[in-house]
Amino acid sequence: QVQLVESGGGLVQPGESLRLSCTASGFTFSYYTMSWYRQVPGKERELIATITSVGGLTNYADSMKGRFTISRDNAKNTVYLQMNSLKPDDTAVYYCNAQNPTYARRTYWGQGTQVTVSS
């Protein structure tokens, strides 16, 4: 059974940092491209960053560059999102995604973790 379980969300004050984790099971994690997305109610899900399976190449949405860092540990089947200098506009539900690089239909989502940035 495929599972992606996000953790690390919570309530933080502006300027603080959080590290989100997403632990995978039920598929060959090291083979999949991993991404983080976020979604605010009433808006479309927004891509934050992607990390490839081979070489760990990263790519960020332009608006996310500089404060967010994606990384992965294939030995732990886990992808991370380090978020620094958080702003109220970063408040959202954060999701991880696993995408098979060969078969587009093999894509999996976690249940999401809430991040709230507020003073």
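The model is predicted: local features need pLDDT of at least 70, side-chain atom pairs count only at pLDDT 80 or more, and totals for chains, interfaces and linings use all residues. Residues are numbered from 1 along each chain as its sequence is written, and side-chain values use heavy atoms, leaving out hydrogens and water.

Start with Cys22 and Cys96. They form a disulfide (a pair of cysteine sulfur atoms within 2.5 Å), with the sulfur atoms 1.9 Å apart. The structure holds one disulfide. The torsion about the S-S bond of Cys22 and Cys96 is about 40°, so the disulfide is right-handed. The pair joins distant parts of the chain, 74 residues apart: Cys22 is in strand 3 (residues 18–25) and Cys96 in strand 9 (residues 92–99). Strands (E, at least two residues) are DSSP runs, numbered from the N terminus. Both cysteines, Cys22 and Cys96, are buried, where buried means under 20% relative accessible area, exposed over 50%, and partly exposed in between (1.4 Å probe, protein chains only).

Next, select Asn77, in the loop between strand 7 (68–73) and strand 8. Asn77 is partly exposed, because its relative accessible area is 25%. Its phi is near 50°, a positive value in a residue other than glycine.

Then go to Ser85, in the loop between strand 8 (78–83) and strand 9. Ser85 is not a glycine, yet has a positive phi of about 50°. With 39% relative accessibility, Ser85 counts as partly exposed.

Finally, show Gly15 along with Ser85. Their C-alpha atoms are separated by 4.1 Å, although the two residues are 70 residues apart along the chain. Leaving out residues up to four places away in sequence, Ser85 touches Gly15, Glu16, Ser17, Arg67 and Asp90; contact means heavy atoms within 4.5 Å.

Methods. Helices (H or I, at least four residues) and strands (E, at least two) are DSSP runs, numbered from the N terminus.
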